[in-house]
Amino acid sequence: MDRAELSITLHRTGDEAVLRLAGEIDMLTAAQLSTVVNEVLADPPPRIVLDLGGVTFCDSQGLGTLVVLSRKASHAQSLLVLSNVGDFLLRVLDITGLRSALMIRNETAP
């Protein structure tokens with residue numbers, strides 16, 4: 001079995017931190033995502049955007065991590081936003097009922 005890989009690129013602008021994710025969010029990589037978001041939350045911007053355009057897989061551990069990080073951001077007075085969410089992940093979020101628990105912005109902001 002190949003080791004799942006997740007690459008995370010962080011880019012900060014004035015009022016948001018954008019994390020571009022590529023690869024898989026699963027039981028092997030969810031802790032890596034949590035670590036990076038927790039580091040961003042040490043000095044929380046008004047908005048943290050997780051760009052999921054490069055995500056090829058997300059298991060239940062990954063879904064749970066997204067929900068936990070959304071709550072942590074909220075407690076830090078920040079908003080966690082998912083962008084470029086793929087059809088497969090939108091379908092999983094619908095099936096699990098988690099779509100309403102997460103802020104999703106798939107269209108580009110004006």
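Colleague: Taking helices (H or I, at least four residues) and strands (E, at least two) as DSSP runs numbered from the N terminus, where is Ser83 found?

Modeller: Ser83 is found in strand 4. Before going further, this is a predicted model, in which local features need pLDDT of at least 70 and side-chain atom pairs count only at pLDDT 80 or more, while totals for chains, interfaces and linings use all residues. Residues are numbered from 1 along each chain as its sequence is written, and side-chain values use heavy atoms, with hydrogens and water left out.

Colleague: Okay, is Ser83 buried or exposed?

Modeller: Ser83 has 8% relative accessibility and therefore counts as buried, the term being used for residues under 20% relative accessible area, with exposed meaning over 50% and partly exposed in between (1.4 Å probe, protein chains only).

Colleague: And what does Ser83 touch?

Modeller: Not counting residues up to four places away in sequence, Ser83 touches Val49, Leu50, Asp51, Leu52, Gly53, Arg105 and Asn106, where a contact means heavy atoms within 4.5 Å.

Colleague: Let's switch to helix 2. How many residues does it have, and how far does it reach?

Modeller: Helix 2 covers residues 60-75, which is 16 residues, and from its first C-alpha to its last it reaches 23 Å, close to the 22 Å expected at 1.5 Å a residue. The expected span here is 1.5 Å times one less than the number of residues in the helix.

Colleague: Which of its residues are buried, and what do they pack against?

Modeller: Gly62, Leu63, Thr65, Leu66, Val67, Leu69, Ser70 and Ala73 are buried in helix 2. The buried residues of helix 2 pack against strand 2 (16-25), helix 1 (30-41), strand 3 (47-58), strand 4 (79-83) and helix 3 (87-96).

Colleague: How do helix 1 and helix 2 cross?

Modeller: Their axes come within 10 Å and cross at roughly 10°, each axis being a line fitted to C-alpha atoms, for helices over the stretch in contact, with angles running from 0 to 180 degrees between N-to-C directions. That crossing makes helix 1 roughly parallel to helix 2, since angles under 35 degrees count as roughly parallel, over 145 as roughly antiparallel, 65 to 115 as roughly perpendicular and the rest as oblique.

Colleague: Which residues make the contact?

Modeller: From helix 1 the contact is made by Ala30, Leu33, Ser34, Val37, Asn38 and Leu41, and from helix 2 by Gln61, Thr65, Leu66, Leu69, Lys72 and Ala73. By class, this contact of helix 1 with helix 2 has 7 nonpolar, 4 polar and 1 charged residues, where Ala, Val, Leu, Ile, Met, Phe, Trp, Tyr, Cys and Pro count as nonpolar, Asp, Glu, Lys and Arg as charged, and the others, Gly among them, as polar.

Colleague: Tell me about Leu41, then. What does it touch?

Modeller: Leu41, which lies in helix 1, touches Ile48, Lys72, Ala73, Ala76 and Ser78, not counting residues up to four places away in sequence. Leu41 and Lys72 are 31 residues apart in sequence and 8.2 Å apart in space, C-alpha to C-alpha. Leu41 has 13% relative accessibility, so it counts as buried.

Colleague: What happens at the start of helix 2?

Modeller: A side-chain oxygen of Asp59 reaches to within 3.0 Å of the backbone nitrogen of Gln61 there, and the side chain of Asp59 also reaches the backbone nitrogen of Gly62 at 2.9 Å. Polar contacts are pairs of N or O atoms within 3.5 Å; within protein, one must be able to donate a hydrogen and the other to accept it, and residues adjacent in sequence count only if both atoms are side-chain atoms. Asp59 itself lies in the loop between strand 3 and helix 2 and is buried, with a relative accessible area of 18%.

Colleague: And what follows helix 2?

Modeller: Helix 2 is followed by Gln77, whose phi, near 65°, is a positive value in a residue other than glycine. Most residues other than glycine have a negative phi. Gln77 lies in the loop between helix 2 and strand 4 and, at 69% relative accessibility, counts as exposed.
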